[in-house]
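Hello,

Please find the structure below. My notes on it follow.

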Amino acid sequence: MKVTLADKYIRPLKLYGQRAINTTDDWEKEKLARKCFNLKLCTTESISPTLKKFRTLDAQQYIRDYLDSFFNIYAEVFQNLSIKDTDKTVLYAKRELQNDYGVKKVFLDNNPMFARRCLETAELLSNHNISLPERIIGCHYYPKYCGLSMKNTKDGSTILLHSDLEGWRPNSITNSPIELPLHESLHLLQNGFFLSNIKTLPKEYRMIAKKSKFADSTINYWHCNHEAHIDLLVRKLIINDLTEDEEKLLKYLNELFFTKINISRKEEAIEYFDDFLPF
């Protein structure tokens with residue numbers, strides 16, 4: 001009898017579920033999920049120290065290969081654990097994402113509201129001529145309020161999300177239900193080495209970041225330039241109210257990560273409709 005990935009990970013998932021009940025911090029849940037699945041990679045514990053110690057192309061390539069192997073497994077696990085899409089509304093959204101927006105593989109966890117948010121995200125990205133992920137995976141087993149963007153050799157660009165995007169999210173910068181799928185999709189546009197993520201920015205831009213509630217801690221405390229970059233992009237795409245200094249910082253980060261996105265005109269506020277029912 002063939003053992004599927006879903007069967008293989010039933011026991012670790014039960015273990016994860018039991019331990020996650022008493023874990024309130026979502027990043028801790030994320031690390032717990034990886035531990036339960038025996039996937040030994042934690043960005044803050046493995047990647048950053050290696051990069052800081054060995055700032056070489058060999059180290060970069062080692063980490064790139066390590067991530068590729070991890071992503072191939074991690075994506076396949078949650079893809080197999082996503083509930084099969086059978087709901088008519090979900091299937092409608094799935095066809096739209098594949099036929100109109102070019103997403104090759106879509107797993108919506110049979111969740112109509114998640115399907116709707118993915119469509120809204122796709123429309124916003126498409127309106128700005130921004131490429132979409134090649135694969136979208138929604139799964140109720142994945143930690144809520146966390147997301148993961150993956151570039152791997154097996155299935156291309158992928159975003160992985162919990163299939164419930166509704167309600168308040170810790171550290172949200174827009175309070176929009178499409179913030180997380182948009183955030184992870186934009187990460188896929190970032191290029192360059194991992195060293196760009198932890199690079200100490202020139203003093204001019206560190207001072208600008210101090211004046212921004214969206215970039216100060218990520219740049220000056222956590223040294224996560226890639227997260228500040230995406231936060232500013234998300235804020236600009238959804239609300240478009242960045243200050244002149246934040247626009248200057250965003251331009252620098254776009255160049256740092258070789259990201260070309262043109263968001264010039266003032267957009268109308270995005271409307272969300274509760275009657276997303278095509279049938």
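This is a predicted model: local features need pLDDT of at least 70, side-chain atom pairs count only at pLDDT 80 or more; totals for chains, interfaces and linings use all residues.

Residues are numbered from 1 along each chain as its sequence is written, and side-chain values use heavy atoms, leaving out hydrogens and water.

A search of the whole structure finds two aromatic pairs (rings of Phe, Tyr and Trp, the last by its six-membered ring, pair if their centres lie within 6.5 Å; planes under 30 degrees apart count as stacked, over 60 as edge-to-face and the rest as tilted). Phe78 and Tyr142 are edge-to-face, at 5.3 Å centre to centre and 90° between the planes. Phe78 lies in helix α5 and Tyr142 in the loop between β2 and β3, so the pair ties together parts 64 residues apart in sequence (helices, H or I of at least four residues, and strands, E of at least two, are DSSP runs numbered from the N terminus). Both residues, Phe78 and Tyr142, are buried. Tyr205 and Tyr252 are stacked: 4.1 Å centre to centre, 20° between the planes. Tyr205 sits in helix α10 and Tyr252 in helix α13, 47 residues apart.

Now for α6. Its buried residues are Thr89, Val90, Ala93, Lys94 and Leu97. Seen down the axis of α6, they fall within an arc of 140°, so they line one face of the helix (the arc is that of the directions from the helix axis to the C-beta atoms). The face turned away from the buried side of α6 carries the exposed residues Lys88, Asn99 and Asp100.

Best regards

Notes:
Buried means under 20% relative accessible area, exposed over 50%, partly exposed in between (1.4 Å probe, protein chains only).
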